[in-house]
Each structure stands twice: as C-alpha cells, then as structure tokens.
Amino acid sequence: MSGSPSRASRLTLRAIALGYLAALLAIPVAMVFYRTFEGGIGPALDAVTTPAAQHAFWLTCLMVAIAVPLNTIFGVGLALGLVRGRWRGKTLVSALVDLPFAVSPVVVGLALILVYGNSGWIGTWFAENGVRVIFSTPGMVLATIFVSLPFVVREVVPVLREIGVDQEEAASTLGASPAQTFWRVTLPAIRWGVAYGVILTTARALGEFGAVAVVSGKIEGQTETMTLFVEQRFQAFDLTGAYAASVVLALLALAVIGTMTLLDRRKEM
Amino acid sequence: MSAPAETIALAHRAGRGRRRLATPAVGGALATAYLSLIVLVPLAAVVAESTTGGPSAFWRAVTGDQAFAAMRFTVIVSVVVVVVNIVTGTLIAWVLVRDEFPGKRLVNALIDLPFALPTIVAGLVLLALYGPKGPAPFDIGFTRIAVALALLFVTLPFVVRSVQPVLMELDREMEEAATSLGARPRTVFARIVLPNLVPAIAAGAGLAFARALGEFGSVVLISGNIPFKTEVASVFLFGQIESDNTAGAAAVSVVLLVLSFVLLLFVSWVSTRGLRRER
C-alpha cells in the first residue's frame with residue numbers, strides 16, 4: 001500500500017515488537033512451565049496436592065466466591081445509579097470509584113488494618129465481640145473486594161450510556177415495574193459488559209498478593225492463599241512447589257484471557 | 001453532556017418515569033455506603049494516622065534516609081519504565097493494527113496476560129529465566145534492572161490497549177494524501193499519525209506510571225529488597241507495617257496516594273480532552 005512503510009521496515013518493526021514480547025512475556029512464562037514439568041508430571045502434581053497447597057487453593061476460591069458476586073451487585077447498582085440516577089455527590093463518587101486502581105496494594109492492607117485491626121476505628125468493636133477481622137479470613141476478603149472493586153462499574157457504565165433509555169422507557173410506559181424493566185430489558189442489554197467485568201474481577205481476586213499479604217499474617221494452612229503459597233514455597237527454597245503452584249495460577253490466567261477473547265468476539269457481533 | 005443524560009433530564013423534568021428513577025438513586029446510596037465502608041473510610045484512616053505525630057513527625061517519616069531512598073528509586077525507575085512503555089507500547093499497537101502476520105490474534109490476546117497473571121507469578125517467571133539459576137546468559141537477580149524488568153512486565157498492556165483503538169479508528173485518507181504529495185513514511189508517521197495518538201499515549205502512560213509507583217507483588221521476589229539499592233516504596237512500606245511503625249508507613253502512603261491520585265486526574269483530563277476533540 002502506498003501510505004505504508006516499505007516491506008523491509010515493516011518486517012523490522014514486526015521483529016522488534018514480537019522479540020520484545022517474547023523476551024518479556026512468552027519465554028519467561030514458558031520457562032516456568034518447562035521447569036515445572038522437567039522432572040515429569042509426578043513431582044509437580046505432588047507439590048500442588050499437599051494439604052497446605054490444597055488449603056491455599058480452596059481459600060483462594062472462597063475469596064473469589066465472596067468478592068466477585070458482591071462486587072458484581074455493587075458494580076451494576078452503582079453503574080445504574082451513575083448513568084440513570086440524579087443524586088447529590090454523583091460526580092464525586094464517580095471519581096472516587098477508580099481509587100482502588102491507583103492505590104498500592106500495601107497501602108490497601110495498611111488502610112484496612114487501621115480501620116478493622118484490633119485497635120482500629122471499627123476493629124475495637126469487632127474485637128470486643130470476639131470477631132477477628134485482620135490476620136484472618138474476613139480481612140483477606142475485604143482486601144480482595146477492595147482491589148477488585150472498580151472493574152464491573154467501569155465495564156458497565158459505557159454500555160449503559162450507549163444503549164440509552166428508549167427501551168427502558170417503552171417498557172415502563174407499557175406498565176412494567178422497575179424490577180421487570182431491569183431483569184427483562186436492562187440486564188440483557190448490558191450482559192456482555194457485566195460478563196467482561198466479572199472476568200476481570202475474578203482475575204484480580206485470584207491473583208491479589210500485596211494487600212492480602214499485609215492483612216493475612218501469613219499463617220500457613222490457615223490464612224494462605226495461592227499467591228501467598230507461591231511466595232512461601234519460594235522463600236522456603238522449594239522451587240518445585242513454587243513453580244507448580246505458579247503454573248496452576250498461570251493456567252487460570254490463560255483461561256481468563258481465553259474467555260475475554262471469546263467475549264470480545266461476542267461484543268463485536 | 002451526553003445525549004442519554006439529556007434524555008433522562010428531559011424525562012425527569014416532564015415528570016415521567018420518576019418511579020423508575022427512584023431505584024437508581026437508592027442503588028447509588030447503597031453503593032456509596034459500600035464504597036465508603038471498604039475503600040473511603042480505610043483510606044481516610046491512613047491520612048488520619050499519618051498526622052498523629054504532627055507535621056514534624058510526618059516530615060521526618062517521609063524524609064528519613066531509607067524512606068526517601070526508596071521513594072526516589074521508585075519514582076526514577078517508574079519514569080524509565082514509562083518512557084520505555086511509550087516507545088514499545090506504541091510500536092506494538094502499530095504492529096497489531098497495521099501489520100498482518102500469522103498468529104496475530106494470539107499475540108493480541110497475550111498482551112492482556114500481565115493483567116490476568118498474578119503479580120507474584122510475574123516476578124517468579126522473570127526470575128526463572130533471568131535470575132541466578134536461569135538459562136539466560138546474564139543474571140539480573142536482585143539488581144535495579146530486575147525491578148525495571150518486573151515493572152515493564154506488569155505495565156505492558158496500558159499503552160498498547162490505550163493506543164490500539166485510536167489507531168484502528170484513525171482515518172487513513174490524510175496519510176494517503178500526504179504520501180501522494182510525496183511525504184516519506186517516516187514523515188507521515190511523525191506529522192500525521194503520532195499527533196493523533198498523543199492523548200491515548202499520555203493516558204496509557206499515566207496509568208502505567210500510577211501502577212509502577214505502587215507495584216509490590218512482581219518486585220518482591222526479583223529485587224531482593226536491598227535497602228538504598230533495590231528497595232521500592234511499597235516494599236519499604238511492607239517492612240514498616242510488619243515492624244509496627246504504622247504512623248511512619250501512613251506518612252509514606254499518603255505521599256504515594258497523592259502522587260497516584262494526581263496521575264489519575266491527569267489521565268481523566270487527557271481522555272476528556274481527547275473526547276472533546278473528536279466531536
């Protein structure tokens with residue numbers, strides 16, 4: 001084509017881009033897969049089926065099972081409020097909702113300790129009632145919710161703007177209740193946006209390390225998620241364990257990317 | 001104001017659909033309460049904690065030798081990483097949009113890997129290849145280069161994903177006109193393509209910068225966390241929290257919070273400007 005660079009420079013640019021991606025992403029990730037299965041599948045399987053590894057896996061699943069539904073309900077609710085509602089403080093809330101993306105995970109952990117720790121603002125009340133939040137599962141759930149909170153809002157807001165209110169108004173003019181309008185008209189129209197948000201929330205919830213590390217106290221077999229397990233195995237010089245658990249997490253990440261690609265195609269249609 | 005918002009305003013003024021609009025307002029209130037309980041109140045607690053010892057204690061915490069060294073290194077390495085991202089991110093976006101080659105879809109999907117892969121795994125993965133026991137001809141484990149590499153890994157998608165859609169939408173007629181008037185490809189890129197990409201590049205760069213400033217998981221294994229050398233701000237904070245110096249940690253956190261908040265404001269300013277220009 002006339003407006004494009006010559007074939008030679010096109011090939012050079014392609015080589016640089018792909019070389020950079022290979023050196024930074026593809027080869028290092030492949031390396032961990034190779035290292036994991038270098039001694040056969042047996043040792044790798046043993047490493048991820050120890051009681052500590054299994055506990056870590058299920059704890060991570062628990063984090064996802066609590067954080068993702070809560071953030072989805074919150075996200076769809078807030079997106080509706082931001083796009084369709086008129087209330088005081090809307091602009092401010094819309095700016096503040098992205099805050100978790102800008103905060104270091106370690107700061108998230110510190111913030112939660114200051115409020116929910118034993119001598120924290122609300123934590124003292126919990127402590128008096130015998131509920132342990134920090135260095136226990138509830139604190140880790142809070143940290144996971146915090147870091148994965150904005151994804152659904154972010155994905156749903158532009159979709160809601162795009163679909164407009166015509167169909168919703170038609171439905172309510174025809175006598176549909178707000179609940180009927182939401183379930184029959186709004187939700188089907190935003191479903192791919194919600195799905196994309198849910199996938200991103202899940203990925204972040206599965207993979208959070210810093211914030212959970214600060215509030216977990218890292219008690220092996222008790223407050224250790226998959227990511228914390230990876231670090232703990234590495235620090236204990238058990239590279240097989242660290243690599244094998246990493247491979248499990250990497251496979252989950254690849255599944256996330258696969259789903260995102262499928263959803264992209266759906267959205268285009 | 002966007003068209004749907006105007007429609008809502010009109011509908012509201014006309015008194016129609018008021019019942020329907022009450023629901024979003026209640027949703028908004030509940031969502032605000034949720035956001036406050038989990039995000040806003042805890043962040044306010046960090047700000048409050050940082051002031052417990054008065055301004056002088058805050059100043060001492062922030063300018064302490066180790067704290068200052070960690071923050072300075074974090075800012076410098078983040079700037080380097082963002083500059084590299086601006087070049088490589090734009091290049092990768094260009095190749096993904098304008099070039100055709102087998103496996104392009106796969107490469108495009110792989111760009112999101114750093115977002116999906118847990119950060120601790122990202123660090124481990126780089127260490128496995130470029131670390132002391134890795135097969136690479138050099139060992140960068142526990143050096144400043146290692147920190148930069150980890151940050152490059154986790155921030156890779158920002159500029160690419162910000163530039164890519166703009167490049168796709170770009171009208172090619174201007175480029176073709178310039179070429180037919182005798183402009184060379186390099187001139188066409190510098191004078192026509194690049195100016196159109198600047199807002200998107202700036203937005204992606206701002207997000208990458210904010211991410212790099214606060215990054216923890218990918219850096220913690222590969223950097224070795226050597227104070228005054230490879231220790232970044234978030235790793236320093238982690239140590240302070242573990243040794244119960246919450247006031248000092250809170251002070252450094254406030255500096256990080258302000259920096260990343262300014263960056264977010266910059267990004268939203270750049271993107272609204274970009275939108276306005278489109279119209």
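**A helix on the inside**

Guide: In this predicted model, the buried residues of helix 8 of chain A are A:G139, A:M140, A:V141, A:L142, A:A143, A:T144, A:I145, A:F146 and A:V147.

Visitor: Let me pick another residue: where does A:G109 lie?

Guide: A:G109 belongs to helix 6 of chain A, which spans residues 105-116.

Visitor: Is A:G109 buried or exposed?

Guide: A:G109 is buried, because 30 other C-beta atoms lie within 10 Å, and the cut-off for calling a residue buried is 20 or more.

Visitor: Which residues does A:G109 touch?

Guide: Leaving aside residues up to four places away in sequence, A:G109 touches A:A143, A:G210, A:A211, A:A213, A:V214 and A:V215, and also B:I241 from chain B. One of these, A:A143, is among the buried residues of helix 8 of chain A, and although A:G109 and A:A143 are 34 residues apart in sequence, their C-alpha atoms are 6.7 Å apart in space.

Visitor: What about A:F37, is that one buried or partly exposed?

Guide: A:F37, which sits in helix 1 of chain A, counts as partly exposed because it has 16 C-beta neighbours inside 10 Å. Along the chain, A:F37 and A:V247 are 210 residues apart, while 9.8 Å separates their C-alpha atoms.

Visitor: Switching to helix pairs, how do helix 3 and helix 13 of chain A pack?

Guide: Helix 3 (residues 51-84) and helix 13 (residues 226-235) of chain A pack at an angle of about 150 degrees, and their axes are 8 Å apart. Angles over 145 degrees count as roughly antiparallel, which is why helix 3 of chain A is described as roughly antiparallel to helix 13 of chain A.

Visitor: Which residues meet there?

Guide: From helix 3 of chain A come A:A52, A:A53, A:A56, A:F57 and A:T60, and they meet A:M226, A:L228 and A:F229 in helix 13 of chain A. Sorted by class, this contact has 7 nonpolar residues, 1 polar residue and no charged residues.

Visitor: Now the two chains together: how many residues does each give to the contact?

Guide: Chain A gives 80 residues and chain B gives 83 residues. On the side of chain A that touches chain B, the largest share, 17 residues, comes from helix 1 (residues 7-37) of chain A, and the residues of that side divide into 54 nonpolar, 16 polar and 10 charged.

Visitor: What is chain B built from?

Guide: The secondary structure of chain B comes to 13 helices and 0 strands. Buried residues make up 46% of its 279 residues, and among the contacts in chain B with a separation of 6 or more, 78% join residues 24 or more positions apart.

Visitor: Where in chain B is confidence lowest, and where is it highest?

Guide: Confidence in chain B is lowest in helix 1 (residues 3-13), with a mean of 46, and highest in helix 4 (residues 65-98), at 96. Over residues 1-20 of chain B, pLDDT stays under 50. Where pLDDT is low, the predicted coordinates should not be read in detail. For chain B, the mean pLDDT is 88, and 89% of its residues reach 70 or more, while the model scores ipTM 0.91 and pTM 0.90.

Technical notes. Residues numbered from 1 in each chain as written. Chains lettered and ligands numbered in written order. Predicted model: local features only at pLDDT ≥ 70, side-chain atom pairs only at ≥ 80, totals over all residues. Helix = DSSP H or I, 4+ residues; strand = E, 2+ residues; numbered from the N terminus. Buried ≥ 20, exposed ≤ 12 C-beta atoms within 10 Å, placed from the backbone. Contact = placed C-beta atoms within 7 Å. Nonpolar A, V, L, I, M, F, W, Y, C, P; charged D, E, K, R; others polar. pLDDT = per-residue confidence, 0-100. Axes fitted to C-alpha atoms, helices over the stretch in contact; angles between N-to-C directions. Parallel < 35°, antiparallel > 145°, perpendicular 65-115°, else oblique.
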